[in-house]
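Hello,

Here is the structure I promised to hand over. My notes follow below it.

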Amino acid sequence: MIWTDTFANNKQSNIFTTELGENNARLAALNRQDIRVIVGNPPYSVGQESANDDNQNDHYEELDARLAATYVQETASSNKNKLYDSYIRAYRWASDRIGNQGVMGFVTNAGWLDSSSADGMRKCMTEEFNSIYIYHLKGNQRTSGERSRLEGGKVFGEGSRAPVAIVFLVKNPRSSDRGKIYFHAVDDYLTREEKLAALKRDRSISNTSMNVIVPDAHGDWFNQRDDSFSHFMRMDGKKAKEPAIFKNFSLGVATGRDAWCYNFSKNVLSSNIHRMIDNYERIRLESIKSENFVLTKNPVEISWNSNLEQRLNKNTIIKFDNNALCKSFYRPFIPSNLYFHVDLIARRYQLASIFPNNSAENLVICSSGVGSKCFTCLMAGAIADLNMLEAGAQCFPRWLPGGQNKGTEDTLDFGDPNEKQSGFSPEALPHFQAAYPDKPITEDDLFYYIYGILHSKDYRARYANNLMKELPRIPRVATYEQFLAFARAGRELGKLHVDFEEVTPYAGVTLEYAKSGQPSYRVKQMKWRKITGKTGNAAKDKTTLIYNEWITVKNIPLEAQEYTVNRKSALDWVVERACVSIDKASGIVNDFNDYAAEMRNERYPLDLFLKIITVSLETMKIVEALPKLEIHPLDK
């Protein structure tokens, strides 16, 4: 046994030179060995969740330089941080350590097999190894619903929520094969015990029936893309070498301290921010006075992150700004208040140019990010949270406020368009007009056409694998009439989704009152009625909602569950999030009834639920009526 940091540069002569001299001698001997076999179960961690954790990953200059020159260099993904996960470092280190001949056997997180961020890693694997054998045990519990049940039990019990695979990689200089991939997966729905029994039964890779995987040009081994998708105009124009529809776009806001920077009550939010700033200023003054100052991180006083620590180190004074209070959407159809100030927001990305102040009116089409397991989108009229949609909400703006809008007559109902610069690139509108010569198309038409296309069941099914691994591209449809149909549908959908608070509550339900007298509309946590003898989602009777101890809502149409956003029905988002919650770290209370009170409508939570029934039913009616997706010859 050798005590060492495997990933470090262990060639230094001063490692463990005093009390561990014998250990150091064994390490030096090991470093001289021609290692041919490396077997392990490497730890994995992308990084700490919060600066309050004080648990950052170590950095390894040599190893990370190798990662940068290989896996990171080859990836097409903009999310490169995940490639410095400890278990991915282990693959890079071991591959280098065995040189040009040897075998690696790892039990690791299986996320790299199909994640978009690991495409470069997979490309390097097929170049560096003659053969790769994968025994996939599934178990991904960062999923929900039917997908979670398919994944089955967690191989390491409560020790892991990630999918797990046993992977053997072989370098054989005498073999002419290169990058041969052999794959076996356990059956769906297996329990942990059944998976371990299958391992015991199969015993060896040589006894296991395997399929051969042929990678595509993108480095995808599974869920391979439809290459016709590349013929369409891309939505994202930032850092793109080809024409794109939008000049700019942004990730949703990442506060780094959600409990502090979001609240249903504007008054409570203001109070929380004042309290955190007061604590920060007290600590800042203490740091000036004391030469031996040591920062003590108390999550009840402040939620720390690297940005705020940098401000403290620079002796930056922070003051409360009432203009930073604005409306936002933390999750789909859940309005909230946000303190959107650079001093206390970890990442504002480009949203400050899309919503430059708390009175700015704009529209954004939010789509799920690269790496999502199921594409989704939602139009919003306010700042969206990063996690409003899966894998990071990507926000595409109708306008870029502050610029001059040159030569367009397009108008939306929120002010003078001449004060706003269009969010579209100069190439966007002509690109679509070229498909329908002499037919009128405005930028508004195009904006809503995009939203209509993104809701097309044909589009989502045909390009499902593409939409998991890259941001949307928008095709031109076969006829002008179809274009108008998608644009009309997109406009109707946009109005439903942006103005959901204005729709008529669904009147087909029955409200039952458990008590006589004036009912209370205060909500703690709505719940679906439980079906006796069943478990999980199957145990939820989604025709009946237990709103609170006073009110039960019956005869809820099941069809409303068909409208899903982010792999969950819009109604489920309301049931889950329109509640009273308490943050464990800070003790901050977030009470949806406060939002109702500030709206001067104590029935607001119930009305919201009934309105989202209407939104869901109308959305599905519009989606079902969309034309079949037929691609224009110019995009074939």
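**Strand pairing in the sheet**

Val 37 stands opposite Val 103 in β2. This is a predicted model: local features need pLDDT of at least 70, side-chain atom pairs count only at pLDDT 80 or more, and totals for chains, interfaces and linings use all residues. Residues are numbered from 1 along each chain as its sequence is written, and side-chain values use heavy atoms, with hydrogens and water left out.

Helices (H or I, at least four residues) and strands (E, at least two) are DSSP runs, numbered from the N terminus. Two strands pair if DSSP finds at least two bridges between them.

β1 and β2 run parallel and are joined by 4 bridges. Ile 38 has Met 104 of β2 as its bridge partner. Met 104 in turn has a bridge partner in β4, Leu 169. β2 and β4 run antiparallel, with 8 bridges between them.

The whole sheet is open and has 6 strands, in the order β1-β2-β4-β3-β5-β6, with mixed pairing. β1 (37-40) and β6 (211-213) are at the edges; each has a single partner strand, so one side of each has no neighbour in the sheet. On average, neighbouring strands of this sheet are turned by 20 degrees against each other, direction ignored. Axes here are lines fitted to C-alpha atoms, for helices over the stretch in contact, and angles run from 0 to 180 degrees between N-to-C directions.

**Around β2 and α4**

Buried means under 20% relative accessible area, exposed over 50%, partly exposed in between (1.4 Å probe, protein chains only). β2 is mostly covered, with 6 of its 8 residues buried. The loop between β2 (102-109) and α4 (119-128) holds Ser 117. Ser 117 counts as buried because its relative accessibility is 9%. Leaving aside residues up to four places away in sequence, Ser 117 touches Thr 75, Ser 77, Asn 79, Lys 82 and Leu 83. Contact means heavy atoms within 4.5 Å.

α4 is mostly covered too: 8 of its 10 residues are buried. Among them are Met 121, Arg 122 and Glu 128. The buried residues of α4 pack against α2 (61-74), α3 (86-97), β3 (131-136), β4 (164-171) and β5 (180-185).

**Cores**

A nonpolar core is a set of buried Ala, Val, Leu, Ile, Met, Phe, Trp, Tyr and Cys residues joined through side-chain atoms within 4.5 Å. The largest one has 123 residues. Those with the most contacts inside it are Ile 245, Tyr 449, Ile 450, Ile 474, Val 553 and Phe 609. α18 gives the most to this core, 10 residues. A second, separate core has 35 residues, including Tyr 60 and Val 72.

**A helix pair**

How do α15 and α18 pack, and at what angle? Helix α15 (residues 480-498) and helix α18 (residues 604-624) meet at about 170 degrees, with axes 10 Å apart. They are therefore roughly antiparallel (angles over 145 degrees; under 35 is roughly parallel, 65 to 115 roughly perpendicular, the rest oblique). α15 brings residues including Ala 489 and Leu 493 to the contact, and α18 brings residues including Val 615 and Ile 622.

Best wishes
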